[in-house]
Amino acid sequence: VQVVESGGGLVQAGGSLRLSCTASGDTNNCISGMGWYRQASGDERELVAIITSSGTRLYGDSVKGRFTIEKDNAKNTVHLQMNGLKREDAAVYYCNADSLKVGDGCQSHYWGQGTQVLVSP
């Protein structure tokens, strides 16, 4: 399974960005939920938003009401719409695909390489 993110960049505070992530090569039907995490310089990686295969969504407290996650199960694609961006949202955003079928050719998590989000004043 390969996980590839896109859509990062530079935006002014208060602006919006849309991140996308696709997990390909899932020949063993490993993937269940997908989501986004972020890591700012010097900080630990933190949850941004996740969505399960049944559509249940979970958001980090700092992004609730501003970010929205959507998933296309058929395409193993997840989008993160980020509105009202703040300076503190600047980080590398990582896409994660998780699996409930550890073994059987699956691993518990698949991570992308990350996409940078920068927020200017």
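Lys-71 is buried (under 20% relative accessible area, where exposed is over 50% and partly exposed lies in between, with a 1.4 Å probe and protein chains only), yet Lys-71 has no salt bridge. A salt bridge here is a side-chain nitrogen of Lys or Arg within 4 Å of a carboxyl oxygen of Asp or Glu. The nearest side chain of opposite charge is Asp-72, 7.4 Å away; Lys and Arg count as positive, Asp and Glu as negative, and His and the chain ends are not counted.

Before going on, this is a predicted model: local features need pLDDT of at least 70, side-chain atom pairs count only at pLDDT 80 or more, and totals for chains, interfaces and linings use all residues. Residues are numbered from 1 along each chain as its sequence is written, and side-chain values use heavy atoms, with hydrogens and water left out.

Where is Lys-71 placed? Lys-71 sits in strand E7, residues 67-72. Strands (E, at least two residues) and helices (H or I, at least four) are DSSP runs, numbered from the N terminus. The protein has 11 strands and 0 helices.

Leaving out residues up to four places away in sequence, Lys-71 touches Ser-32, Gly-33, Met-34, Ile-51, Asn-76, Thr-77 and Val-78. Contact means heavy atoms within 4.5 Å.

Next, the salt bridges. Side chains of opposite charge can pair when their charged atoms come close. The structure holds 5 salt bridges. Arg-38 meets Glu-46 in one of them, at 2.6 Å from N to O. Arg-38 is buried, with a relative accessible area of 5%, whereas Glu-46 is partly exposed, at 35%. Arg-38 also forms a salt bridge with Asp-89, at 2.9 Å from N to O. That pair links distant parts of the chain: Arg-38 is in strand E4 and Asp-89 is in the loop between E8 and E9, 51 residues apart. Asp-89 is buried, with a relative accessible area of 0%. Salt bridges that share partners join Arg-38, Glu-46, Arg-66 and Asp-89 into one network. Elsewhere, Lys-64 and Asp-61 form a salt bridge at 3.1 Å, N to O, and both residues are exposed.

Last, the core. Which residues have the most contacts inside the largest nonpolar core? They are Trp-36, Leu-80, Met-82 and Tyr-93, in a core of 29 residues. A nonpolar core is a set of buried Ala, Val, Leu, Ile, Met, Phe, Trp, Tyr and Cys residues joined through side-chain atoms within 4.5 Å. Strand E7 is among the elements that give two or more residues to this core.
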